[in-house]
Amino acid sequence: MRLRQIFYVFLLGMFVGLSLSGLIYWGFTSIWFGNHLTGNLGRTDVASVTPWLAPIVWEGTFDSRVIDSIYKQQNITIATTVFALGKYTRFLKDFLESAEEHYFVGFRVHFYLFTDQPEEVPNVKLGQERYLTVKTLPSMNRWQDISMSRMEILEKLIENELASEADYIFCLDVDTKFYGRWGVESLGRLVGVIHPWFFNVPRFLFTYEHRPKSQAYIPAGKGDYYYTGAAFGGSLKDVHNLTKTCREQMNIDTANSIEALWHEESHLNKYFLYNKPSKLLSPEYLWRDISMSSGSVKIIRFSHVAKNNAEVRPNL
Ligand code: UDP
Ligand code: GAL
Ligand code: MN
């Protein structure tokens, strides 16, 4: 009889003990206890940090609610520049409409739109605290010149107008569309976006400028990533230095009768080699064509749209 009682007490003890350990384990792992804020983030299938400890932003490496609430307290303005010269005004409607849906939703955004045809700017209804300033500018005969001239125009815009108007700036191609969230997780001092063609490609295939005569020259074996020229950003001070340096380097190239292989993108890559970005955005933040998929890119946030270069550009 006594033995049986001891046995029951033992069983009860086991039951209580196991239940308690279960509860404690559940408490540590359950999202009910808020552990999702600190746990379960990170990717193992892609690099999410550079060798100089800059984050590479991928889906699954941040919690949008946490990061939104941090930046909400800061009352920030994000200036965003976009150029639509010549036939590229046709891209504006989709660009602006999709930005309203996905780009820094809930934050103050000021678009600066440069065009030679202000009358072609579509009337897109912007949300609260979202502003659009249209600036008129003559077009140019070569698309390469249009693309490169952006650096100087951005440099001057930051110098002359943005100082007290914005905290961050992003400079984006217009032949693009947003498909998913692009938010405050992208903000940083100096931000580069990994070019969608080169994120899983060996360095020797990167299309850096390899002619020493150009100021964009990067020696073989040097370089970290291949960054796109279609999207970059950061603090006003850092992007000012970037645009000013690229403009100066391109002027030297012109004086030496050389044009870098990929124009301002080559100079941007040179700049980022010696001025490391403090944050990198994965190709989720600039994909090449929405119809192409990739294993690591789980969300396409922003993508080039398909375009017929021969038809939209002023020259070949
Ligand atoms: N651009 C423009 N009009 C032109 C050519 C270029 O407004 O005739 C601007 C536009 O903002 C475009 C950017 O320059 O997104 C870069 O040119 P493009 O998109 O043709 O280069 P790609 O991305 O095809 O290399
Ligand atoms: C292309 C892109 C060009 C340039 C080039 C670099 O996909 O259209 O603008 O970035 O890659 O190799
Ligand atoms: Mn483009």
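This is a predicted model: local features need pLDDT of at least 70, side-chain atom pairs count only at pLDDT 80 or more; totals for chains, interfaces and linings use all residues.

Student: OK, metal first. Which protein atoms hold the manganese ion (ligand 3)?
Tutor: The protein donors are D173 (OD), D175 (OD), D175 (OD) and H304 (NE2). They lie 2.1 to 2.5 Å from the manganese ion (ligand 3).

Student: What spacing do those donors follow along the chain?
Tutor: The spacing for the manganese ion (ligand 3) is D-x1-D-x128-H.

Student: And why is the arrangement around the manganese ion (ligand 3) irregular?
Tutor: Because the angles subtended by the six donor atoms run from 54 to 170 degrees. To be octahedral, six donors need opposite ones over 155 degrees apart and all others between 65 and 115.

Student: D173 and D175, buried or exposed?
Tutor: D173 is buried, at a relative accessible area of 14%. D175 is buried too, at 2%. The cut-off for buried is under 20%.

Student: Switching to helices. How do α4 and α5 cross?
Tutor: Helix α4 covers residues 143-162 and helix α5 covers residues 236-255. Their axes come within 8 Å and cross at roughly 140 degrees. The two helices are therefore oblique to each other, and the crossing is left-handed.

Student: What does α5 do with α6?
Tutor: The axes of α5 and α6 come within 9 Å and cross at roughly 120 degrees. That makes α5 oblique to α6. The crossing of α5 and α6 is right-handed. The contact is made by D238, N241, L242, T245, C246, Q249, M250 and D253 of α5, together with E264, H267, L268, K270, Y271 and F272 of α6.

Student: Why is α6 called largely enclosed?
Tutor: Because ten of the eleven residues of helix α6 (residues 264-274) are buried. Among them are S266, N269 and L273.

Student: What covers the buried residues of α6?
Tutor: The cover includes α4, β7 (190-194), β8 (227-235) and α5.

Student: You mentioned β8. What can you say about A231, which is in that strand?
Tutor: A231 of strand β8 is buried, with a relative accessibility of 0%. A231 and C171 are 60 residues apart along the chain, yet their C-alpha atoms are separated by 5.6 Å. Leaving aside neighbours within four places in sequence, A231 is in contact with C171, L172, W182 and V193.

Student: How far is W143 from G86?
Tutor: The two are 57 residues apart in sequence and 9.6 Å apart in space, C-alpha to C-alpha.

Student: Now loops. Where is T89, and is it buried or exposed?
Tutor: T89 sits in the loop between β2 (77-84) and α3 (92-102). At 11% relative accessibility, T89 is buried. Leaving aside neighbours within four places in sequence, T89 is in contact with A84, T115, Q117 and E120.

Student: What is phi for N75 and E129?
Tutor: Phi of N75 is near 50 degrees, and phi of E129 is near 60 degrees. Both values are positive, in residues other than glycine.

Student: Why point that out?
Tutor: Because most residues other than glycine have a negative phi.

Student: Where do N75 and E129 lie?
Tutor: N75 is in the loop between α2 (64-72) and β2. E129 is in the loop between β3 (108-115) and β4 (130-136).

Student: And how exposed are N75 and E129?
Tutor: N75 counts as exposed, at 55% relative accessibility. E129 is partly exposed, with a relative accessible area of 36%.

Notes: Residues are numbered from 1 along each chain as its sequence is written. Chains are lettered from A and ligands numbered from 1 in the order in which they are written. Side-chain values use heavy atoms; hydrogens and water are left out. Donors are N, O and S atoms within 2.8 Å of the metal (3.2 Å for Na, K and Ca); water is not among the atoms, so sites may look incomplete. Four donors count as tetrahedral if all angles lie between 85 and 135 degrees; four count as square planar and six as octahedral if opposite donors are over 155 degrees apart and all others between 65 and 115; anything else is irregular. Buried means under 20% relative accessible area, exposed over 50%, partly exposed in between (1.4 Å probe, protein chains only). Axes are lines fitted to C-alpha atoms, for helices over the stretch in contact, and angles run from 0 to 180 degrees between N-to-C directions. Helices (H or I, at least four residues) and strands (E, at least two) are DSSP runs, numbered from the N terminus. Angles under 35 degrees count as roughly parallel, over 145 as roughly antiparallel, 65 to 115 as roughly perpendicular and the rest as oblique. A crossing is left-handed if the near helix is turned anticlockwise from the far one by less than a right angle, and right-handed if clockwise. Contact means heavy atoms within 4.5 Å.
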